[in-house]
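Hello,

Here is the structure I promised to pass on. Please open it first, then read the notes below.

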Amino acid sequence: MSVRIEVLSGLGEKAPAAILVEAAGKRLLLDAGGALHPGQSSEWAKGLDVDAVLITHDHVDHIGGVAALPAELPLYCTPPVAAALPHGRDWRPLPERGQCRVTGIPVTTGQAGHSLGGVWLHLGIADGVFYSGDACLESLLFPFDEPPPARVALLDASYGVYDTPQVQCREAILQRLTEPRVLPVPVSGRALEMALWLDAQAARLGMTWNLDDACREALEALVRLSPELRREGHDAAIRRLLDASRTASPMLWLVADRDDDPVDWPGHRLLHTGYLTPRRQRQRVDGETDWQRWNVHLRLSHLRSLMGRLGAREVTPLFTSVVDEMIESLVPSSSTAL
């Protein structure tokens, strides 16, 4: 079976995710991303003609473009991700871990290690097409499931050739928690594992901390999911964290990322741990905020490992501006880039 793949958005830059896959006379859209910041293009949906759309997870650069799609277009996602769809949007369930068919094409899903309800996608066509969505192999909380073999790999390369282990990131963040801090985070992803980590560190170091209502609600949603969708050993800590009383004026705040500015938090200093919009990059350069990465994407050695496990012969690094450098780092001489 022949297959045609076109990256409508997300190739050559950190941009909204939208990948078109055509096979067996059907056209599938993998993710429907929205702009990450004002001014970023999300024009990929204009004139789009597809049979169905599959959403890997609920972060804006993967789901934010759904509102631009026809309401009658069949949309597939996991139940936790469906909560982030536009109000009243019809959807059809993807398994959090399992198999189904979409327009007759076999689809396998597995946990992607990145977010609440987030999955990778494997299409059973042309010896396998694997799309990682956003993925991570070193999450404290979210498991990453082993995917089936695939000849074609569409991989989250958001970090480029970066390869610092998560344990070093956590230690670097810990060194910055010696003054009042606010950590804005995506509630369905980094917030959940950082909450558990912060709780343990605060108890050990005697720091006061709190999380806002949105982060607390996400933890409540997490504990309601099947235990198989989170790594073992955290349930008691999650419930203890939810039941604990919290100070109204803590040293550390973990909050839903709503485009916070330094002026929004007098007395605290912002510490970002993920993607920085152009405005936030300027704030960091001007010394108004700080940044230290907490890994939630595939780093270079994990990309190499995943390619080997897939047996991939063709690879496309997504969501990175260093495509040529990534291909050189990832692709053996006997393989090719899409």
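Two strands pair if DSSP finds at least two bridges between them. Helices (H or I, at least four residues) and strands (E, at least two) are DSSP runs, numbered from the N terminus.

This is a predicted model, in which local features need pLDDT of at least 70 and side-chain atom pairs count only at pLDDT 80 or more, while totals for chains, interfaces and linings use all residues. Residues are numbered from 1 along each chain as its sequence is written, and side-chain values use heavy atoms, with hydrogens and water left out.

The sheet comes first. It is open and has 6 strands, in the order S1-S2-S3-S4-S5-S6, with mixed pairing. Strand S1 (3–9) and strand S6 (92–93) are the edges, each pairing on one side only. Strand S2 (residues 18–23) runs antiparallel to strand S3 (residues 26–30), over 5 bridges. Ile19 has Leu30 in S3 as its bridge partner.

Now helix H4 (residues 190–205). Gly206 follows H4, and its phi is positive, near 75°.

How many of the 16 residues of H4 are buried? The count is 12, so H4 is largely enclosed by the rest of the structure. Buried means under 20% relative accessible area, exposed over 50%, partly exposed in between (1.4 Å probe, protein chains only). Trp197, Asp199 and Gln201 are among the buried ones. Their cover includes helix H3 (166–175), helix H5 (213–224) and strand S14 (252–256).

Look at Arg190, in helix H4.

Last, the cores. A nonpolar core is a set of buried Ala, Val, Leu, Ile, Met, Phe, Trp, Tyr and Cys residues joined through side-chain atoms within 4.5 Å. The largest has 37 residues, and Leu192, Leu219 and Leu254 are among those with the most contacts inside it. H4 gives the largest share of this core, 8 residues. Apart from this core lies another, of 24 residues, including Leu30 and Tyr76.

Best wishes

Note on methods: Contact = heavy atoms within 4.5 Å.
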